[in-house]
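Me: I am new to this structure and would like to learn how to read its features. Please start with the packing of helices.

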Amino acid sequence: MRFLSLVFPSSPKSHSHHLFSPLLNLRYSYSSSPVESTVTHVSSSSRYPLHMDAAEEALRRALADKQTAVEFQGTAVRDMKTAGAAKPEIDAAVEALNALKLEKSSIEKQLQDAFSSNGSSSAVSRDAFRQAVVNTLERRLFYIPSFKIYRGVTGLYDYGPPGCAVKSNVLAFWRQHFVLEENMLEVDCPCVTPEVVLKASGHVDKFTDLMVKDEKTGNCYRADHLLKDFCKEKLEKDLSMSAEKAAELKHVLAVLDDLSAEVLGSKIKEYGITAPDTKNPLSDPYPFNLMFQTSIGPSGLSRGYMRPETAQGIFVNFKDLYYYNGNKLPFAAAQIGQAFRNEISPRQGLLRVREFTLAEIEHFVDPDDKSHPKYSEVANLEFLMFPREEQMSGQSAKRIPLDEAVSRGIVNNETLGYFIGRVYLFLTSLGIDKERLRFRQHLANEMAHYAADCWDAEIECSYGWIECVGIADRSAYDLRAHTDKSGVPLVAHEKFSEPREVEKLVIAPVKKDLGLAFKGNQKMVVEALEAMGEKEAMEMKATLESNGEVEFHVCTLGKVVTIEKNMVMISKEKKKEHQRVFTPSVIEPSFGIGRIIYCLFEHSFYTRSSKAGDEQLNVFRFPPLVAPIKCTVFPLVQNHQYEEVAKLISKSLTAAGISHKIDMTGTSIGKRYARTDELGVPFAVTVDSTSSVTIRERDSKDQIRVSVEEVALVVKDVTDGQSTWTDVLWRYPTHSSVSADE
C-alpha cells in the first residue's frame with residue numbers, strides 16, 4: 001500500500017443498518033451524503049469534492065441578513081433613547097427588535113437542524129458509541145495501550161487474549177480465502193530493510209507528511225490535520241459564518257491533500273491556527289519522513305529502515321519466485337507481516353498506529369492480457385461503488401454490478417475487478433456490514449503517473465469512512481524501479497513458436513542532458529518520459545522535430561517542464577524476435593489488518609436490555625468464523641456430576657479443534673451468559689443433566705437440546721460453516737428455561 005496511507009483495516013437483520021449507543025440508549029445510522037462523507041472521513045476526507053448544500057447556503061445568507069437587521073434595529077433603538085423619543089415609540093421599536101432576534105434564533109435552529117441531518121450533530125452519539133466500544137474492548141482485554149504502567153506510547157497497542165484470537169482468525173481466513181484459493185506463493189521477509197531497496201522504491205525521498213512544530217515547546221503536529229480540524233470545527237459550530245466563508249472552508253477541505261507546504265503554511269497563518277495544547281505559534285510546515293531509521297551491523301555505516309510495508313520483499317524476490325513458478329505468468333505472491341510508520345501524531349486508536357500488521361498480495365500479470373480465468377465467479381456481485389465521476393460531481397456511492405463496472409471501463413481490467421470482488425466477499429464474510437462498505441476509486445490527482453487504476457475498500461465506522469484495503473493496478477513501476485537500481489532484470493519471457501518481426505517503441509532519455517537541466521529532479525523526469533504510451537511518445541517526437549522543444553507535464557513534480565530535442569530520443573525499430581521479454585504489471589490488494597479488525601469490532605457491537613430491564617448488556621455479534629472463543633461450557637449449578645460432564649465435553653471440543661472456555665464458578669447462569677456475550681462467544685453449552693445439555697445461540701438466545709456425545713459435532717458444523725443455526729434448529733428440539741436467560 002505504497003503511499004496510500006499517508007493521508008494513511010454477519011449480523012441479525014434487525015441491527016444491520018444501525019449502531020447502538022449504550023450510553024444514550026438510542027440507535028443512529030451514518031449519513032452517506034457527500035458533505036457528511038467529507039466532513040467525517042479519516043483517511044481521505046479531503047479528496048471528496050465538497051459542494052455547498054443549497055439549503056445550507058440559503059440559511060447562512062438569511063442568517064447574515066437577519067443579523068444585519070438586528071444590528072440596524074438595535075442602533076435605531078439606541079438613537080431613539082438618546083434623542084428622548086416618546087415611550088410608546090421606543091416600546092414599539094424594542095418589540096420589533098425582539099421579533100427580529102426571535103427570527104434570527106429560528107434561522108439558527110434551522111441551520112443547526114441542517115447540520116444534524118448531515119451528521120454533524122450526531123457527533124455526540126458517535127463519540128458515546130465509540131467510547132462504549134473502546135471501554136468494552138479494553139476492559140475485556142481485546143487490546144490495550146502498550147507499556148501502560150509507564151503511561152504508554154501513543155500509536156502502539158498490545159492485543160490481549162481475545163484480540164489475539166480474533167486477529168489470528170482473521171489472518172487464517174485471509175490465507176484460506178486468498179493464498180489457498182489462488183495458489184499464491186507466500187513469503188516471509190525481514191522487517192529491517194537496507195536503504196538501497198527503499199531508495200529504489202521511492203520511500204526514502206517521498207514517504208513524508210508535512211509537519212509543524214510548537215515554536216516554544218517543540219511539540220509536533222501534522223499540518224493537514226490541524227487545518228482539517230479547524231475547518232470542520234468552524235463549519236459545525238460557527239453558525240454566523242457567511243455562506244462565502246463556509247464555501248471557502250469546504251473548498252480547503254476538498255483540496256487539502258493537494259496543498260503544497262507553502263499554501264498549507266499560509267492557510268494556517270491566515271486562520272490563526274495555533275498549537276492545540278499550548279496555543280503557541282507554529283513553525284512553517286516541512287516534510288518529515290515517516291520511516292523508522294536504523295543501522296545494520298555494529299559499524300553503523302550500513303543504513304536501514306524498519307519497513308513501512310511488506311511489498312518490497314516480494315518485488316526484490318520476483319526473479320526467484322518466477323523461476324519457482326515454472327517461469328509462468330500470471331502468479332501471485334503474498335506476505336503477512338509487521339510494518340512500521342513513525343506517525344507524527346497518531347490518533348484514533350487502531351486506525352493510525354506506528355506498528356501494525358499488513359497482508360499484501362502482488363499479482364504479476366502480462367500487461368497485454370489482464371483477463372482472469374475466475375472472473376466469472378465474482379462478475380455478478382453488486383455492491384456500493386464510488387467512481388471518480390460521481391465524486392467529482394458531488395454524488396453519493398451507488399450500487400453497481402461488478403461486471404457492468406468492468407465492461408464500461410470504470411474498473412480498468414478483469415483482474416483488478418476480480419480482486420475487488422474477492423475483497424468484498426472477504427470483508428462481508430468477516431462480519432463487515434455490506435451497507436457500510438464501499439469501493440472508492442482514486443481521483444486522477446491521487447494516482448501516481450504509472451498507475452492504471454486504484455480503488456480503496458472503505459468501511460464506515462464512528463470515525464467516518466476508513467480506508468482499510470487498497471486495490472491497485474500499479475503497472476510495471478515497481479519491478480522496473482528495482483531493475484534500474486540493482487541492475488538485475490526483473491522480467492518475464494514469452495517464447496514464440498516461430499520468430500516474429502515486431503515494431504518496438506524505444507524511448508531513450510539522455511540522462512546527462514536531463515541531469516544538467518533538471519538536476520535533483522532528473523530521475524522523476526526520466527521516469528515520466530519512460531512511462532509514456534506510444535501515442536503520447538510519437539506526438540512528442542513530432543513536436544520535437546518541428547519545434548525543437550515541447551512542454552511536458554511531470555506528475556510527480558506537479559508541474560510542466562520543457563523537454564528539448566537533445567534530451568530524449570524516440571524511435572520505432574523493427575526486428576525479429578524469438579521471444580518477448582517484458583516487465584509484468586502488478587495488481588496489488590493491500591490489507592490494513594488492524595483497521596479491518598477495529599471496524600469489525602464496531603460493526604459487531606450492540607447492546608440489549610437485561611431481563612430485569614435495569615441495565616444495558618454489551619454484545620459482540622462476531623460470526624463464528626472470527627469469534628475469539630467458539631463456545632463456553634458451564635454447569636447450571638455447582639454439582640460434581642455436572643462438572644465431570646463439562647470436562648468430558650471440553651475434551652471432545654479440544655479433540656475437534658474448537659476453542660472454548662469452561663466456567664465452573666457459582667455465578668448465576670444469566671451473568672455467565674452476559675460475560676460470554678461480551679466476548680462475542682457465539683454458543684454456550686449449559687450442563688443441566690448427565691445425558692443431554694442445552695446449546696444457546698448468542699444473538700437469538702434460542703436454545704436446543706442435544707446429547708452430550710453430539711455437542712462437539714453440532715458446534716463444529718456451525719462454526720466451520722457446514723450448517724447454519726437455522727439448520728440446527730430444524731434438527732434438534734428447542735429448549736426454554738426461565739432460569740437460563742439474562
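Reply: Axes are lines fitted to C-alpha atoms, for helices over the stretch in contact, and angles run from 0 to 180 degrees between N-to-C directions. Helices (H or I, at least four residues) and strands (E, at least two) are DSSP runs, numbered from the N terminus. Two packed helices are described by the angle between their axes and the distance between the axes. Here helix 8 (residues 223–237) packs against helix 10 (residues 261–270) at an angle of about 40°, and their axes are 10 Å apart. Helix 8 is therefore oblique to helix 10; angles under 35 degrees count as roughly parallel, over 145 as roughly antiparallel, 65 to 115 as roughly perpendicular and the rest as oblique.

Me: What kind of model is this, and how are its residues numbered?
Reply: This is a predicted model, in which local features need pLDDT of at least 70 and side-chain atom pairs count only at pLDDT 80 or more, while totals for chains, interfaces and linings use all residues. Residues are numbered from 1 along each chain as its sequence is written, and side-chain values use heavy atoms, with hydrogens and water left out.

Me: Which residues of helix 8 and helix 10 meet?
Reply: Contact means heavy atoms within 4.5 Å. Ala223, Asp224 and Leu227 of helix 8 meet Leu264, Lys267 and Ile268 of helix 10. By class, this contact has four nonpolar, no polar and two charged residues. Ala, Val, Leu, Ile, Met, Phe, Trp, Tyr, Cys and Pro count as nonpolar, Asp, Glu, Lys and Arg as charged, and the others, Gly among them, as polar.

Me: At what angle do helix 17 and helix 18 pack?
Reply: The angle between helix 17 (residues 511–518) and helix 18 (residues 522–530) is about 130°, with the axes 9 Å apart. That makes helix 17 oblique to helix 18. On the helix 17 side, Lys511, Leu514, Gly515 and Phe518 meet Gln522, Val525, Val526 and Leu529 of helix 18. This contact has five nonpolar, two polar and one charged residues.

Me: Which residues of helix 23 are buried?
Reply: Buried means under 20% relative accessible area, exposed over 50%, partly exposed in between (1.4 Å probe, protein chains only). In helix 23 (residues 711–719), the buried residues are Val711, Ala712, Val714, Val715, Val718 and Thr719. Seen down the helix axis, they fall within an arc of 165°, so they line one face of helix 23. The arc is that of the directions from the helix axis to the C-beta atoms. Their cover includes strand 26 (631–635), helix 21 (640–655) and helix 24 (725–731). After helix 23 comes Gly721, with a positive phi near 85°.

Me: Is Asn169 buried or exposed?
Reply: Asn169 is buried, at a relative accessible area of 19%. Asn169 sits in helix 5 (residues 161–180). Leaving aside neighbours within four places in sequence, Asn169 is in contact with Leu625, Val626, Ala627, Pro628 and Lys630.

Me: What should I look for in the backbone?
Reply: Most residues other than glycine have a negative phi, and most peptide bonds are trans. Lys279 has a positive phi, near 65°. Lys279 is in the loop between helix 10 and strand 9 (286–289) and is exposed, with a relative accessible area of 58%. Lys701 also has a positive phi near 65°, but Lys701 is partly exposed at 27% relative accessibility. As for peptide bonds, a cis one joins Leu329 and Pro330, with omega about -5°. Pro330 lies in the loop between helix 12 (318–324) and strand 12 (331–340).
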